[in-house]
Amino acid sequence: MRIENDRVLRVLPGLGVELWRGVSLAELTSLGIGGTSDLLRITRHEAIPELLKLLDDGDVPHRFLGGGSNLLVMDGELPFAVLQLGQPNPDVVIEGNVARVDAAADLGKMVTFCAKRNLGGMEGLIGVPGTVGGALRMNAGAYGTQIGSYVREVKVYRAAAREIEILRGEQISFEYRHTSFAPDDMMLAVKLELPSKPYAEILQGIRICNEKRRASQPLGQKSAGCIFKNPGGASAGRMIDELGLKGLMYGDARVSDRHANFFVNAGRASAADMLGLIADVRERVQQGYGVTLENEVVVWNA
């Protein structure tokens with residue numbers, strides 16, 4: 001989408017919002033798939049309510065983009081503008097056992113930053129791509145760790161109320177790959193309370209997790225992590241593997257040879273390719289196991 005509203009264009013600079021024209025979402029997502037749109041980079045949290053009112057009044061549809069690591073975006077010219085938080089410096093502030101983290105911070109770098117200050121508990125998240133905000137939205141987890149376990153407060157823009165709120169940890173429901181945030185809520189910052197651990201001990205835990213990832217995941221390939229949620233204690237990847245679907249292709253979208261719940265962009269895959277592969281695998285699992293797999297990857301269609 002190209003923003004043409006003169007009033008919107010005139011007001012944006014005063015809100016500290018940078019306008020980037022015709023950005024390819026393929027360059028901002030880990031799958032390397034996605035169409036183009038104008039992107040609004042937000043530098044001040046306080047400007048968000050006024051910015052969203054400006055866009056609504058100007059009939060400019062919009063969506064929030066985090067790190068783009070768990071996202072499949074439609075092809076072509078997108079029918080909405082894209083909003084993204086700029087990353088402040090510093091993006092992590094430590095006070096005792098509390099880490100105050102901007103939502104735009106890189107998740108892995110945040111874990112490392114805290115580890116070097118003897119704050120652990122999140123070793124399993126070190127290799128999970130994306131931003132802290134994205135991790136909060138889906139309650140990212142790996143190897144027995146979930147970020148929701150350490151959340152004490154979240155600063156969030158609530159689109160329904162058109163205001164920024166501070167939510168306490170107990171006001172938020174954190175479940176397996178799901179939270180109680182509304183789809184149009186925008187994560188801004190989080191307060192985490194982390195256990196004290198010697199850096200050497202944390203580093204050893206990180207190394208163990210990294211070794212497991214290198215052995216089981218298609219690192220270095222374009223993917224969005226796990227495509228499907230694990231259903232009711234079962235393993236989506238194991239079911240796909242047992243059906244002999246590793247290597248299955250739909251255009252340039254392929255089921256990973258290393259991890260059957262990772263689908264990779266093996267060349268110039270389109271969103272249509274990836275959606276076709278997802279639908280094909282879901283149908284085969286339904287026929288083979290009587291289980292309907294639910295997407296873990298977020299899909300942006302029209």
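Trainee: Buried means under 20% relative accessible area. So is Phe80 buried or exposed by that cut-off?

Mentor: Buried. Phe80 has a relative accessibility of 4%, which is why it falls in that class. Keep in mind that this is a predicted model.

Trainee: Noted. How many aromatic pairs are there?

Mentor: The count is three. Take Phe80 and Trp300 as one of them. Their ring centres are 5.6 Å apart and the planes meet at 90°, so this pair is edge-to-face.

Trainee: Where do Phe80 and Trp300 sit in the fold?

Mentor: Phe80 is in the loop between β4 (71-73) and β5 (81-85), and Trp300 is in strand β19 (residues 298-300). The pair therefore ties together parts that are 220 residues apart in sequence.

Trainee: And Trp300, buried or exposed?

Mentor: Buried, because its relative accessibility is 8%.

Trainee: What about Phe228 and Phe263, how are their rings arranged?

Mentor: Edge-to-face, because the planes are at 85°, with the centres 5.9 Å apart. This pair also links distant parts of the chain. Phe228 lies in the loop between β15 (222-226) and α6 (236-242), while Phe263 lies in strand β18 (residues 262-265). They are 35 residues apart.

Trainee: Buried or exposed, Phe228?

Mentor: Buried, at a relative accessible area of 1%. Phe263 is buried as well, at 0% relative accessibility.

Trainee: Switching to charges over rings. What lies over the face of Trp20?

Mentor: Arg41 does, 4.4 Å from the ring centre. Another case is Arg117, which lies over the face of Phe113 at 3.6 Å from the ring centre.

Trainee: OK, salt bridges. How many does the structure hold?

Mentor: There are 14. In one of them, the side chains of Arg152 and Glu193 meet at 3.0 Å, N to O. That pair connects distant parts of the chain, 41 residues apart: Arg152 is in strand β10 (residues 151-158) and Glu193 in strand β14 (residues 186-193).

Trainee: Which accessibility class does Arg152 fall in?

Mentor: Partly exposed, because its relative accessibility is 32%. Glu193 is partly exposed too, at 39%.

Trainee: How far apart are Glu296 and Arg177, N to O?

Mentor: That distance is 3.7 Å, and their side chains form a salt bridge. They are 119 residues apart in the chain. Glu296 is in the loop between α7 (271-289) and β19, and Arg177 is in the loop between β12 (174-175) and β13 (178-179). Both Glu296 and Arg177 are buried.

Trainee: What joins Asp241 and Lys246?

Mentor: A salt bridge between their side chains, at 3.6 Å, N to O. Asp241 is partly exposed, with a relative accessible area of 37%. Lys246 is partly exposed at 31%.

Trainee: New topic. How many residues are in the largest nonpolar core?

Mentor: It has 58. Leu51, Val101, Met110, Val154 and Leu192 have the most contacts inside that core.

Trainee: What is Val154 in contact with, leaving aside neighbours within four places in sequence?

Mentor: The list is Leu136, Glu165, Ile166, Leu167, Ile172, Phe181, Met187, Ala189 and Val190. There is also a second, separate core of 24 residues, including Leu72, Ala224, Ala260 and Val297.

Trainee: Last one. Where is Ser256?

Mentor: In the loop between β17 (253-255) and β18. Ser256 is buried, at 2% relative accessibility.

Trainee: What does Ser256 touch, not counting residues up to four places away in sequence?

Mentor: Pro218, Lys246, Gly247, Phe262, Phe263 and Val264.

Note on methods. Residues are numbered from 1 along each chain as its sequence is written. This is a predicted model: local features need pLDDT of at least 70, side-chain atom pairs count only at pLDDT 80 or more; totals for chains, interfaces and linings use all residues. Side-chain values use heavy atoms; hydrogens and water are left out. Rings of Phe, Tyr and Trp (its six-membered ring) pair if their centres lie within 6.5 Å; planes under 30 degrees apart count as stacked, over 60 as edge-to-face and the rest as tilted. Helices (H or I, at least four residues) and strands (E, at least two) are DSSP runs, numbered from the N terminus. Buried means under 20% relative accessible area, exposed over 50%, partly exposed in between (1.4 Å probe, protein chains only). A charge sits over a ring if NZ of Lys or CZ of Arg is within 6 Å of the ring centre and within 35 degrees of the ring normal. A salt bridge is a side-chain nitrogen of Lys or Arg within 4 Å of a carboxyl oxygen of Asp or Glu. A nonpolar core is a set of buried Ala, Val, Leu, Ile, Met, Phe, Trp, Tyr and Cys residues joined through side-chain atoms within 4.5 Å. Contact means heavy atoms within 4.5 Å.
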